[in-house]
Amino acid sequence: MKVYRVGDVSIVLVEGDITELEADAIVNAANQYLEHGGGVALAIVRKGGYVIQEESREWVRRYGPVPVGGVAVTSAGKLKAKYVIHAVGPVYGDPEGDAKLASAIKSALDKAEELNLNSIAFPAISTGVYGYPYRIAAEIMANVLKNYRYRNVKKVIVCLYGSVAYREFEEVFDKVFTSS
Ligand code: AR6
């Protein structure tokens, strides 16, 4: 674990399973249809309960597919969190992908602020099925977290699955958060 600071906000890098974390919201790495069939999405539904999948389908029925770079919110079922914020990242190779990944992260923070939350936990969106290299995803995330205008949010957890992902994010975060 490692803690960085942006003003009075703590950015906490941890290695592990995001479904185990205590935070007001956990972010899911979702697809546009909120069909949680693999990766961290499936882990969230397995642990939190099928109610998360059902509420996700209801969200899509009501509002249509989530745009890439956008978010949707459901309850968190049996998870410790209050909400799951489903963020849709880009597939690696999308020419606008980097901007869309930044947008997905920023939109999740905006939603947390809108819900008046204190803490939020992110996985490494787009670095699994969607193929982003950890390093690029880490640079994009670090820059969004560094420049965001936080209001209520005081703690952002970034949860990496496995030591390879953790080390890559740590290297990038060390650089981005220690330079001014
Ligand atoms: N906790 C934290 N991180 C995890 C966990 C976990 N339990 N499980 C996997 N990861 P992915 P994407 C990491 O594929 O690339 C799904 O099918 C994983 O190692 O979950 O945005 C969705 O439904 C990787 O670093 O998301 C979409 O269709 C990161 O989470 C599609 O995949 C993201 O990997 C989204 O692809």
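**Close-ups of the ligand and its pocket**

**View 1. The lining of the largest pocket, by class.** Nonpolar residues number 16 in the lining of the largest pocket, alongside 10 polar and two charged ones; Gly is counted as polar here. This is a predicted model, in which local features need pLDDT of at least 70 and side-chain atom pairs count only at pLDDT 80 or more, while totals for chains, interfaces and linings use all residues. Residues are numbered from 1 along each chain as its sequence is written, and side-chain values use heavy atoms, leaving out hydrogens and water.

**View 2. The centre of the largest pocket.** Of the 28 lining residues, Ala 29, Gly 39, Val 40, Ala 41 and Gly 128 lie nearest the centre. Lining residues have an atom within 4 Å of a pocket point, on a 1 Å grid where a 1.4 Å probe fits; a pocket is an open set of such points with protein on both sides within 12 Å along at least five of seven lines. The pocket holds about 600 Å³ of space. Helix 1 supplies the largest share of its lining, four residues.

**View 3. The shell around the ligand.** The ligand takes up the space of the largest pocket. Around the ligand are 21 residues, each with a heavy atom within 4 Å; Val 40, Ser 126, Thr 127, Gly 128 and Val 129 are the closest. Helix 1 (residues 39–48) gives the most to this shell, with four residues.

View 4. A polar side-chain atom of Asp 17 lies 2.9 Å from a ligand nitrogen, and a backbone N or O atom of Ile 18 is 3.0 Å from a ligand nitrogen. A backbone N or O atom of Gly 38 lies 3.3 Å from a ligand oxygen.

Terms used. Polar contact = N/O pair within 3.5 Å; in protein donor to acceptor, adjacent residues only side chain to side chain. Sits in = over half its atoms within 2 Å of the grid points. Helix = DSSP H or I, 4+ residues; strand = E, 2+ residues; numbered from the N terminus. Points joined across faces, edges and corners; volume = space filled by probe spheres on them.
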